[in-house]
Amino acid sequence: MLFTLKKFVGGLLMPLPLVLILMGLALILLWFTRWQKSGKTLFALSWLVLLLISLQPVADRLLLPLEKHYATYHGNDPVDYIVVLGGGYTFNPNWAPSANLFSNSLPRVTEGIRLYRAHPNTKMIFTGGAGPNSQSSAKTAAQVAESLGVPMEDIIALEQPKDTAEEASAVANVVGDKPFLLVTSASHLPRAIKFFEAKGLHPIPAPANQLAITTPLHSWERAIPAAIYLGHSERAWYETLGLIWQKLTENHAPEN
């Protein structure tokens, strides 16, 4: 219940729902009250915020500080495990396996497979629990990996964890004190590393799914609002809220 409430409240605090709520409040002020000036001001500010966070220069400037903590992994550390954290997914058995992973999940799996091929004799660990009336995120990601050539005997699916803190606990039971590659979205990695190190683990950061664009773009791509860049702003805001919550709760975490 607490997990569902956290996700629901967190969802309402995302940029698009929050801006729409503010716009709705502005319309109520305009239509049903005498606070016309306040309604106009609130609506104009909400519209301006929505415009700005949908522009590439703004969205990626918000996201880049989170993503630049760790470079793409090209090392050759001796490891026995590659841990790929779960993300958004659905499950439709009639779809191609990779179609069941959302845009924040599929790059994690493909990067994990790249690292698996570069590190023979490793095991891939996928994490993530099940949604309503669905198989788990871990099993869905494992099926994608198998469809791309990873043998099932080299795959471990941890299907119980619901969030990153629980993923760290579940992984700890498998890897012990051995170092391992930790694969997740670049923006999520700073927060994930803290959770895993808090369990006494030794993760080696391996970012995937980098989104903040630093290479040249056409001028119209930078000037025209787009849903993809709104998604970048949402990712930045989501991880910022997560880091704040992590900081507020770390002093109250139970001892290992």
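## Helix α8 and its surroundings

The crossing of α7 and α8 is right-handed, where right-handed means that the near helix is turned clockwise from the far one by less than a right angle, and left-handed anticlockwise. Helices (H or I, at least four residues) and strands (E, at least two) are DSSP runs, numbered from the N terminus. Welcome to a predicted model, in which local features need pLDDT of at least 70, side-chain atom pairs count only at pLDDT 80 or more, and totals for chains, interfaces and linings use all residues. Residues are numbered from 1 along each chain as its sequence is written, and side-chain values use heavy atoms, with hydrogens and water left out.

**How α7 and α8 pack**

- Helix α7 (residues 164-175) packs with α8 at an angle of about 45°, and their axes are 9 Å apart.
- Thr 164, Ala 165, Glu 167, Ala 168 and Val 171 in α7 meet Ala 192, Phe 195 and Phe 196 in α8; contact here means heavy atoms within 4.5 Å.
- By class, six nonpolar residues, one polar and one charged make up this contact of α7 with α8. Ala, Val, Leu, Ile, Met, Phe, Trp, Tyr, Cys and Pro count as nonpolar, Asp, Glu, Lys and Arg as charged, and the others, Gly among them, as polar.

**The buried side of α8**

- In α8, Leu 189, Pro 190, Arg 191, Ala 192, Ile 193 and Phe 196 are buried, that is, under 20% relative accessible area, while exposed is over 50% and partly exposed in between (1.4 Å probe, protein chains only).
- These buried residues pack against α4 (56-67), α7, β4, β5 (202-208) and α10 (227-249).
- Just after α8 comes Gly 200, with a positive phi of about 80°.

**Two aromatic pairs**

- You will find two aromatic pairs in the structure; rings of Phe, Tyr and Trp (its six-membered ring) pair if their centres lie within 6.5 Å, and planes under 30 degrees apart count as stacked, over 60 as edge-to-face and the rest as tilted.
- Trp 31 and Phe 32 are edge-to-face, at 6.3 Å centre to centre with 85° between the planes, and both Trp 31 and Phe 32 are exposed.
- Phe 180 and Phe 196 have ring centres 5.9 Å apart and planes at 55°, so this pair is tilted.
- Phe 180 and Phe 196 are both buried.

Notes:
Axes are lines fitted to C-alpha atoms, for helices over the stretch in contact, and angles run from 0 to 180 degrees between N-to-C directions.
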